[in-house]
Structure formats: C-alpha cells, structure tokens
Amino acid sequence: MDNGTLRAQVRRIVGEMSPLGAREAHSGDRLVEELGYDSLAVIELSLRIEQEFTLIDLGTSATADITTVKDIEDFVEQQQAAPSDAA
C-alpha cells in the first residue's frame with residue numbers, strides 16, 4: 001500500500017470512529033480537542049488500527065505521544081516500513 005493510500009485510510013478510520021459522530025478527519029486534527037476522543041475511544045481506535053493494518057499490539061508506551069491524526073498516520077507508516085521480526 002502506498003503512503004498516500006495508507007494515510008487516507010487512517011484518516012477515514014479516525015473520522016468514522018469519532019465520538020462526535022462520523023466526520024472527515026484531517027491530518028492536523030487533534031484527537032481529543034477536535035474529534036472528541038476520550039481514553040476508551042482511543043483504545044477502541046488503537047484496536048481497529050491494529051486490526052486494519054495488521055500491526056503488533058501497540059500498547060500504551062508506543063502510542064503515548066500520539067495527539068493528532070498525523071501522529072497516527074506517521075506511526076502506522078513507520079510500523080508498515082519496519083522489518084518484520086517474524087523472519
């Protein structure tokens with residue numbers, strides 16, 4: 001999947017799952033302040049992102065600094081580019 005498609009898919013998921021109701025999410029949107037995410041909604045979002053992009057359990061330490069949609073896009077992109085430990 002190319003990076004543009006990956007980022008668009010992340011934005012679509014974040015927008016669909018917004019606690020304020022489905023909306024178009026933009027890279028600069030802040031999860032809490034602009035999209036209404038609380039701690040439970042962030043956990044649900046992380047589980048959906050893990051499933052959608054076949055990521056290993058993200059855990060809270062790996063995602064502690066994520067505050068914007070762009071942070072999620074960057075994180076997923078980095079995880080997709082990282083070599084697999086399963087080899």
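Trainee: Leaving aside its neighbours within four places in sequence, which residues is Thr68 in contact with?
Mentor: In this predicted model, Thr68 touches Ser27, Gly28, Asp29, Arg30 and Leu31, once neighbours within four places in sequence are left aside.

Trainee: Where does Thr68 lie?
Mentor: Thr68 is in the loop between helix 3 (59-63) and helix 4.

Trainee: Is Thr68 buried or exposed?
Mentor: Thr68 has a relative accessible area of 14%. Buried means under 20%, so Thr68 counts as buried.

Trainee: And what share of the chain's residues count as buried?
Mentor: Of the 87 residues, 31% count as buried.

Trainee: What about the accessible surface of the chain?
Mentor: The accessible surface of the chain is about 5,500 Å². Carbon and sulfur atoms account for 51% of that surface.

Trainee: Back up a bit. How many helices and strands are in the chain?
Mentor: The chain has four helices and zero strands. Along the sequence the pattern reads α-α-α-α.

Trainee: Take helix 1 and helix 4. At what angle do their axes cross?
Mentor: Roughly 130°, with the axes of helix 1 (residues 3-16) and helix 4 (residues 69-81) coming within 9 Å. That angle makes helix 1 oblique to helix 4.

Trainee: Is that crossing of helix 1 and helix 4 left-handed or right-handed?
Mentor: The crossing of helix 1 and helix 4 is right-handed.

Trainee: Which residues meet there, between helix 1 and helix 4?
Mentor: From helix 1, the residues are Asn3, Leu6, Arg7, Val10, Arg11 and Val14. In helix 4 they meet Val69, Lys70, Ile72, Glu73, Asp74, Val76, Glu77 and Gln80. By class, the contact of helix 1 with helix 4 divides into six nonpolar, two polar and six charged residues.

Trainee: Now helix 1 and helix 2. What are the distance and angle for their axes?
Mentor: The axes of helix 1 and helix 2 (residues 39-52) come within 11 Å and cross at roughly 145°. The crossing of helix 1 and helix 2 is right-handed.

Trainee: Which residues of helix 1 meet helix 2?
Mentor: Gln9, Arg12, Ile13, Val14 and Glu16. Their partners in helix 2 are Leu45, Arg48, Ile49 and Glu52. The contact of helix 1 with helix 2 has four nonpolar, one polar and four charged residues.

Trainee: Last topic. Among contacts between residues at least 6 apart in sequence, what share join residues at least 24 apart?
Mentor: In this chain, 55% of those contacts do.

Key. Residues numbered from 1 in each chain as written. Predicted model: local features only at pLDDT ≥ 70, side-chain atom pairs only at ≥ 80, totals over all residues. Heavy atoms only, no water. Axes fitted to C-alpha atoms, helices over the stretch in contact; angles between N-to-C directions. Helix = DSSP H or I, 4+ residues; strand = E, 2+ residues; numbered from the N terminus. Parallel < 35°, antiparallel > 145°, perpendicular 65-115°, else oblique. Left-handed = near helix turned anticlockwise from the far one by under 90°. Contact = heavy atoms within 4.5 Å. Nonpolar A, V, L, I, M, F, W, Y, C, P; charged D, E, K, R; others polar. Buried < 20%, exposed > 50% of the residue type's maximum accessible area, 1.4 Å probe, protein only. Areas by Shrake-Rupley, 256 points an atom, 1.4 Å probe, with all protein chains shown as cover.
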